[in-house]
Amino acid sequence: MELLVQQVAHWQQPRWAAVAAGGNVSRADLVHRLVQEIANLAADAEGQPRRTVPRLDNDLALPDQLRVVAADLLAAGPDGEVLARAAAEVAATRTVL
């Protein structure tokens, strides 16, 4: 996940608003979807209910949101299958950004 955060942390608003490759959603929407998926995996690993991650008005906050949910996932101590799923989601997102 750190590679993805490094890839996007310096982006300004126009770059976030651009449409992701091969899709019809913005890069910001795509990364927020990833943030939500990682948050869902963390909640499942903790045995907690899933919660909606707020979509903040400022897309520049997305790298920080990703860092937070990734830390939550790692703190939950998930099994290898969950970590592999998270890694696959991150890789898929990086591919289309």
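Predicted model: local features only at pLDDT ≥ 70, side-chain atom pairs only at ≥ 80, totals over all residues.
**Core**

The largest nonpolar core holds 23 residues. Leu4, Trp16, Ile38, Leu66 and Leu97 have the most contacts inside it. Four helices each supply at least two residues of this core: H1 (2-8), H3 (27-46), H4 (62-75) and H5 (80-96). H3 gives the largest share, nine residues.

Isoleucine 38 is one of the residues with the most contacts inside the core. Setting aside residues up to four places away in sequence, isoleucine 38 touches Met1, Val69, Ala70, Leu73 and Ala86.

| Helix pair | Angle | Axis distance |
|---|---|---|
| H3 and H4 | about 20° | 8 Å |
| H3 and H5 | about 180° | 10 Å |

H3 and H4 are therefore roughly parallel to each other. Their crossing is left-handed. On the H3 side, the contact uses Ala28, Val31, His32, Leu34, Val35, Ile38, Ala39, Leu41, Ala42 and Glu46. H4 answers with Leu62, Gln65, Leu66, Val69, Ala70, Asp72 and Leu73. By class, this contact has 13 nonpolar, two polar and two charged residues.

H3 and H5 pack at an angle of about 180°. That angle makes H3 roughly antiparallel to H5. H3 contributes Leu30, Val31, Arg33, Leu34, Glu37, Ile38 and Leu41. From H5 come Val82, Arg85, Ala86, Glu89, Val90, Thr93 and Val96. The contact of H3 with H5 divides into nine nonpolar, one polar and four charged residues.

Ile38 takes part in the contact with H4 and in the contact with H5. Val31, Leu34 and Leu41 are also listed for H4 and for H5.

**Glutamine 65 and valine 53**

Glutamine 65 sits in helix H4. Its relative accessibility is 12%, so glutamine 65 counts as buried. Beyond four places in sequence, glutamine 65 touches His32, Val35, Val53, Pro54 and Leu56. His32 and Val35 belong to the H3 side of the contact with H4.

Valine 53 lies in the loop between H3 and H4. Valine 53 also counts as buried, at 12% relative accessibility. Not counting residues up to four places away in sequence, valine 53 touches His32, Val35, Gln36, Ala39 and Gln65. Valine 53 and asparagine 40 are 13 residues apart along the chain, and their C-alpha atoms are separated by 9.3 Å.

Serine 26 is found in the loop between helix H2 (13-17) and H3. Is serine 26 buried or exposed? Serine 26 is buried, because its relative accessible area of 14% falls under the 20% limit. Leaving aside neighbours within four places in sequence, serine 26 is in contact with Trp16, Ala17, Ala18, Val19 and Ala20.

Leucine 60 is in the loop between H3 and H4. At 37% relative accessibility, leucine 60 counts as partly exposed. Residues up to four places away aside, leucine 60 touches Trp11, Gln12, Gln13 and Trp16. Leucine 60 and alanine 39 are 21 residues apart in sequence and 18 Å apart in space, C-alpha to C-alpha.

Trp16 is among the residues with the most contacts inside the core. Trp16 also touches serine 26 and leucine 60.

Conventions:
Residues numbered from 1 in each chain as written. Heavy atoms only, no water. Core = buried A, V, L, I, M, F, W, Y, C linked by side-chain atoms within 4.5 Å. Buried < 20%, exposed > 50% of the residue type's maximum accessible area, 1.4 Å probe, protein only. Contact = heavy atoms within 4.5 Å. Axes fitted to C-alpha atoms, helices over the stretch in contact; angles between N-to-C directions. Parallel < 35°, antiparallel > 145°, perpendicular 65-115°, else oblique. Left-handed = near helix turned anticlockwise from the far one by under 90°. Nonpolar A, V, L, I, M, F, W, Y, C, P; charged D, E, K, R; others polar.
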